[in-house]
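Please keep the sequence and the model in view while reading the points.

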Amino acid sequence: MSIGATSVGMEVQGEQNGRLCFTARSVSVFVDQGSKTKMPVSGHIREALVQCLRIHQLRAL
């Protein structure tokens, strides 16, 4: 997972019987509904994503 100023990137890998079958990458951009322009990731959402990222990093150790 990566957290940018206006977007969040994620990667998912699928395995079967210990063999990597696919890798998918996705980027979600935060958009202001009215103006249809990108906007910063809001504080409470950013904090929740940072906590998820920390947990993921700890599990990888």
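The numbered points below go from the basis of the model to its overall form and then to two residues.

1. Basis of the note. This is a predicted model, in which local features need pLDDT of at least 70 and side-chain atom pairs count only at pLDDT 80 or more, while totals for chains, interfaces and linings use all residues. Residues are numbered from 1 along each chain as its sequence is written, and side-chain values use heavy atoms, with hydrogens and water left out.

2. Confidence. The pLDDT, the predictor's confidence in each residue from 0 to 100, averages 93 over the protein, and 100% of the residues score at least 70. Strand S3 has the highest confidence, with a mean of 97, and helix H1 (residues 43–59) the lowest, with a mean of 90.

3. Elements. Helices (H or I, at least four residues) and strands (E, at least two) are DSSP runs, numbered from the N terminus. The protein has 3 strands and 1 helix, in the order β-β-β-α from the N terminus.

4. Overall form. The radius of gyration, taken over C-alpha atoms, is 15 Å, whereas a compact globule of 61 residues would have a value near 10 Å; the globule rule is 2.2 Å times the number of residues to the power 0.38. The C-alpha trace spans about 45 × 25 × 10 Å along its principal axes.

5. Burial. Buried means under 20% relative accessible area, exposed over 50%, and partly exposed in between (1.4 Å probe, protein chains only). By this rule, 11% of the 61 residues are buried.

6. Thr6. Is Thr6 buried or exposed? Thr6 counts as buried because its relative accessible area is 19%. This residue lies in the loop between strand S1 (2–3) and strand S2 (7–16). Contact means heavy atoms within 4.5 Å; leaving aside residues up to four places away in sequence, Thr6 touches Ser28, Val29, Phe30, Lys38, Met39, Pro40 and Val41.

7. Ala24. Ala24 belongs to strand S3 (residues 19–29). With a relative accessible area of 37%, Ala24 is partly exposed. Which residues does Ala24 touch, not counting those up to four places away in sequence? They are Met10, Glu11 and Val12. The C-alpha atoms of Ala24 and Gln13 are 6.4 Å apart in space, and the two residues are 11 apart in sequence.

8. Contacts along the chain. Of the contacts between residues at least 6 apart in sequence, 31% join residues at least 24 apart.
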